[in-house]
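Open the model in your viewer and keep the selection panel at hand. The stops below say what to select and what is there.

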Amino acid sequence: MPEEEQMGHNNVPPDFDHIEGNGDDATAESIMLEESAKTGGFFNSYQTAPLEQGYGTHYAIVWVGTPPQRKSVIVDTGSHYTAFPCKGCENCGEEHHTDLYFDPTKSSTFRQLECAECIGARCEDSRCVFTQSYTEGSSWQAFQAIDQFFCGAAELTGGSNPTDLSFAIPFMFGCQTSETGLFVTQLADGIMGMSAHDATLPKQMYNKGKLEHNLFTLCFRRELSVSKQGISAGVMTLGGIDTRLDSSPMVYAKNVASTGWYTVFVKNIFVRSNGGQSARADDELEQVVMKIPVDISSMNGGKGVIVDSGTTDTYLHKDLAKSFGEVWYEVTKRSYSNTGIKLSRDELLRLPTVLIQLRAYDEFPDPSIPPESTTGLVGPKLDPSSPHDVLLAIPATHYMEYSPSKDLYTSRLYFTESRGGVIGANAMQGHDVLFDWENGRVGFAESSCEFKEGENMIDPITGKVIDAGEVGENRNCVLGRPSLTYECRESVTVDDCLDDPNKNVAGFEKWTSVVLSSGTSSGMSCEDALMNNWAEEEKPEVSCDGSGLCFELRPCEVSCAEVMTGESGKAPLTPASPTEGGDICEDGLWGACDHTCEQSKIASTLMSDGLCHEVDELRQTRDCHIDACGRLDPCRVPFVVHAIIALRGGKAPLWNRRAEEVLADALAKTVDSEEADPGNEVLFGAGDVKVLLATSWYKSDLVGAEGVGEEDEEIGMKIVVEISIFNANAKFPEIVDVEQEEEEEEENMLSMEEEDADSNTTFLEKFDKVEGKVEEKVLEGKVKKVVKELPHGHPLSTCEESDFYPLAKTALDVHAELGREYFLSDMISNMKKYEILEVAYSEKSPFSDILANNELARESQVITSWTIKTDVGGGKVHDHSWDSNFRKFFDKDNILNYVTNIPLMTMALALSLILCAIGLCCGCSCGRRKRSGRNQERVALIAEKKKGKKGKYAKISSTGSFDEGEELGLESSSEYKDNIDSSEGDVEMM
């Protein structure tokens, strides 16, 4: 809900970091090569939290204090501040809310802000007091306080979830002392402002390094009932974009306000007959689209059209009411009103769908995303001049509110605004809506926003079932179980025992762990994760090689007798039986893709000593371009192909890491078997395939969401994958860690002067010596140290824009192959050829039925696929087909050849003299004409000012044509030039 002006605020920009007592962030002293880099990435590191259904709004669960107390807050992109009632709040509706008032006395970390720390508030009775009013009439008063704060699940155990706890920050909120209006009777305890303002939770989490990106998404669906216990009704994603539940690509509208509210520019409004849930028509012959005349100057005037999750309904300009009513009557044969009417389910679905055209984020969009076939884009049929604009669909199931008690439907689409408008929560429903302050855009992707109750969502890292509150990428590094690579006696030599054959000597064991998730720069590193398992006095030496493997050197003792004979004197080790829960050792599956764009796998066996022993000859490393590789770096991975594959007869509850490997291998082999020729590079490899989600596929999915009945049949498995298109020409920046170099130089000097090498040798150096070589430190090893101290991510690689064009074609080739008629049949055939076929056929495999039944293979389908461009910067597109000739012409050797060619240079000089003579003769005449033209423009401008100030847009008549004599500054062209008057509030000039 939009805020009104604050009471007691000053004009000094608030500082939300100084009150935390934070010092300056440490940064690495590094030198990086300055080249052209791209901004963006996968946006796949984030925290998610479930949203609950309120009275027309959606609320999140937050946990505040130490120990955490649960509070429910409306998520409101139309306001800035977070506030909820504290103990002692007078008549604040505790009996209506989900939870008791927050009790500051029960939190050991609660602190009331002192007057010197007030942020846009007035000092009153030694407290920072501020008041907030809202346009619908509600208000509250509170004092400012700070405490530990994080989002989580509604269950009472949600406050102790370690994943959610890792996102906790000290956060400033309002401790409410009084409330009026809807705040008293609403279901949620309070409100959480989510606008583009420094006081909001996402911005503060970003500032404190908990989030990689300053953005979030809200995904709403509507439930018909509410409960104090909570009714799940969507998902909130903080710091990233979760595409797992999306059914269409994310398309981006320009946020025309740099701060404050998220504001979009509305260019057109359409009405489509015979309904439809999507922006894409179900049947273009049956569904006719009609344009509503819009005065875009008035429509976007004032504060503009804001996207406001805290406003239940949608409000558009009042001038649209008459034209909309006429079109509505023509389509429905009913008069449009906001009073309740009786409708059958079929009548509801056949009511018109309202389509709103929003100005595109990128003026020069990527040509690899075809607007005519991309759901959510306007396309050339509706607007040939702006086909890449966003088309937001609001179906009747969203704008018609149902009252079960009255059995009536009421339209919540109002035409009442004199300037600007509000796209409210009902228009956001059925969409994953991105609020991207970092890049100045608002994104929309069609989505179910639904984690079906009882449905299995599988974490591709662990293979375990997860819920809506745990679907984000791990912030901390996750490692597999360590395997013993070298025993203690292998770390010492016979020379160590020459003085006393009967003594025990110090040695060490080398243990290897596979990186299952490399985490993010704001989380725990893999080295720290290894050390975290040990007491301070027992900590081993640890290192990671950047290719997905980490090592521990654990101190130990071994007898010289064992060293001399090579025998331990113990019974020989034999393989042990696996536990009832399955293999507990590494099973030869690929780990996570590390920052160096490599991943590794090892195989180990459980032996009779109870330890996992690595089978050294089975260790492998391969290239990959998922996970940490390119997460923040569009130059490395400029495109990702997102695909949803439905396998009839698949069993989602049985999904695991082995199943992911089977699918990735078969997918890559199937695509490349058609596209790869001898001597040419393949389109992608198995290391480029990332499984985002494995979930159940229901019968209702065959006919769309509106065909869902009370009982739904599970018919298979739906798998969401992303395929990375890697740029081999990307150049990783040269990193020079000055501090590290100085330390290494000092160590080298000391090593040259040391008298007793053995006495100063560490276990790591000694082990390297025993192996006969010193392990090389890969560049990524340096990068990790520097990156850990860089704010919000890794140094970016560089690339040229021309690199992207062949890669865009590669993405289109992948789409074409996925759409091939027999693609899935061929892919399933490749699954049967997989090297661990007996595992795939076993009852524990999710593929067992489909591999044994060819009919199920024929009934499977690729539901959809689309391309995600990871670069958010955009930029002007030009024809790169001329680039090679251009570079060849201006090649250094060619230029030298031109200069030394006397006849050629003589001809060029003569031509230049002729052109100069022509220019000299025409210049005076042209100059006189230009000055005369400028004088005429000045006279016309003075005359116009005398008549009064005019707008910049043509009026549009009821027929959709320009009224004669009313065109004010538009060129005679079918293209609109969408400028906003400089006097229109704080909307950014375009």
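**Tour of buried sites and sulfur links**

Start at C629: at 0% relative accessibility this cysteine counts as buried. Buried means under 20% relative accessible area, exposed over 50%, and partly exposed in between (1.4 Å probe, protein chains only). Before moving on, note that this is a predicted model, where local features need pLDDT of at least 70, side-chain atom pairs count only at pLDDT 80 or more, and totals for chains, interfaces and linings use all residues. Residues are numbered from 1 along each chain as its sequence is written, and side-chain values use heavy atoms, with hydrogens and water left out.

A disulfide joins C597 to C629, S to S 1.9 Å. The term covers a pair of cysteine sulfur atoms within 2.5 Å. The link of C597 and C629 is right-handed, with 75° about the S-S bond. C597 sits in the loop between helix 11 (560-565) and strand 35 (598-601), and C629 in the loop between strand 38 (620-623) and strand 39 (639-648), so the pair ties together parts that are 32 residues apart in sequence. Helices (H or I, at least four residues) and strands (E, at least two) are DSSP runs, numbered from the N terminus. C597 is buried too, with a relative accessible area of 8%.

Next, select C488 and C556. Their disulfide has an S to S distance of 2.0 Å. The torsion about the S-S bond is about 100°, so this disulfide is right-handed. C488 lies in the loop between strand 31 (483-486) and strand 32 (504-517), C556 in strand 34 (residues 549-559), and the two are 68 residues apart. C488 is buried at 9% relative accessibility; C556 is buried at 17%.

Now pick C115 and C123. Their sulfur atoms are 1.8 Å apart in a disulfide. It is right-handed, with 60° about the S-S bond. C115 is partly exposed at 30%, and C123 is partly exposed at 47%. How many disulfides does a search of the whole structure find? It finds 13.

D76 is in strand 4 (residues 69-76). D308 is in the loop between strand 18 (305-307) and strand 19 (314-317). D76 is buried at 0% relative accessibility, and D308 is buried at 0%. Finally, show G78: the side chain of D308 reaches its backbone nitrogen at 3.1 Å.

Note on methods
Polar contact = N/O pair within 3.5 Å; in protein donor to acceptor, adjacent residues only side chain to side chain.
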